[in-house]
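Colleague: I have a chain on screen and want to learn how to read it. Can you take me through the features one by one?

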Amino acid sequence: MSATPSAADAYASTDRTVPTRSRKRASYDRDLVHAILDADYLCHLGFVRDGAPVV
């Protein structure tokens with residue numbers, strides 16, 4: 001099992017970014033997130049509009 005990323009190497013988790021199911025599968029590690037995004041041609045991008053996330 002990999003080590004937990006340091007605060008500088010991880011995205012911050014918030015009440016809105018923590019999944020309600022399968023929480024143990026979520027990762028906030030920047031390198032892992034970027035590797036997943038780089039691994040495929042299709043990606044859904046989320047952003048915040050009017051204080052709420054949109055994908």
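Modeller: Start with the secondary structure. The chain has 1 helix and 2 strands. Along the sequence they follow the pattern α-β-β. Keep in mind that this is a predicted model.

Colleague: How do I read burial, and what share of the residues counts as buried?

Modeller: Burial is judged by relative accessible area, and the cut-off for buried is under 20%. Here 4% of the 55 residues count as buried.

Colleague: And contacts along the chain? What share joins residues 24 or more positions apart?

Modeller: Take the contacts with a separation of 6 or more. Residues 24 or more positions apart account for 13% of them.

Colleague: Now pockets. What is the general idea?

Modeller: Rolling a probe the size of a water molecule over the atoms shows where empty space is left. In this model, the largest pocket holds about 490 Å³ of space.

Colleague: Which residues line the largest pocket, and which lie nearest its centre?

Modeller: The lining has 16 residues. T17, H44, L45, G46 and F47 lie nearest the centre. Two elements give two or more residues to this lining: α1 (30–38) and β1 (47–49).

Colleague: What is the make-up of that lining by class?

Modeller: There are 10 nonpolar residues, 5 polar and 1 charged.

Colleague: Let us stay with H44. Where is H44 found, and is it buried or exposed?

Modeller: H44 is in the loop between α1 and β1. It counts as exposed because its relative accessibility is 61%, and the cut-off for exposed is over 50%. Also look across to V55. H44 and V55 are 11 residues apart in sequence, and their C-alpha atoms are 6.4 Å apart in space.

Colleague: Next, rings. How many aromatic pairs are there?

Modeller: The count comes to 0 aromatic pairs. Look at Y11: the charged end of R30 sits over its ring, 4.1 Å from the centre.

Colleague: What about Y28? Where does it lie, and what does it touch?

Modeller: Y28 lies in the segment before α1. Leave aside its neighbours within four places in sequence. Y28 is then in contact with D9, A10, Y11, A12, S13, T17, V18 and P19. One of these, T17, is 11 residues away in sequence and 9.4 Å away in space, C-alpha to C-alpha.

Colleague: Why does Y28 count as partly exposed?

Modeller: Its relative accessible area is 22%, so Y28 is partly exposed.

Colleague: Last topic: backbone angles. Which phi value does S22 have?

Modeller: S22 is not a glycine, yet its phi is positive, near 55°. Its place is in the segment before α1. S22 is partly exposed, with a relative accessible area of 49%.

Colleague: And D50? Where is D50 found?

Modeller: D50 is in the loop between β1 and β2 (52–54). D50 has a positive phi of about 55°, although it is not a glycine. At 78% relative accessibility, D50 counts as exposed.

Definitions and conventions:
Residues are numbered from 1 along each chain as its sequence is written. This is a predicted model: local features need pLDDT of at least 70, side-chain atom pairs count only at pLDDT 80 or more; totals for chains, interfaces and linings use all residues. Side-chain values use heavy atoms; hydrogens and water are left out. On a 1 Å grid over the protein atoms alone, a cavity is a set of points where a 1.4 Å probe fits but cannot get out, and a pocket is an open set with protein on both sides within 12 Å along at least five of seven lines; lining residues have an atom within 4 Å of a point. Grid points are joined across faces, edges and corners, and a volume is the space filled by probe spheres set on the points. Helices (H or I, at least four residues) and strands (E, at least two) are DSSP runs, numbered from the N terminus. Ala, Val, Leu, Ile, Met, Phe, Trp, Tyr, Cys and Pro count as nonpolar, Asp, Glu, Lys and Arg as charged, and the others, Gly among them, as polar. Rings of Phe, Tyr and Trp (its six-membered ring) pair if their centres lie within 6.5 Å; planes under 30 degrees apart count as stacked, over 60 as edge-to-face and the rest as tilted. A charge sits over a ring if NZ of Lys or CZ of Arg is within 6 Å of the ring centre and within 35 degrees of the ring normal. Buried means under 20% relative accessible area, exposed over 50%, partly exposed in between (1.4 Å probe, protein chains only). Contact means heavy atoms within 4.5 Å.
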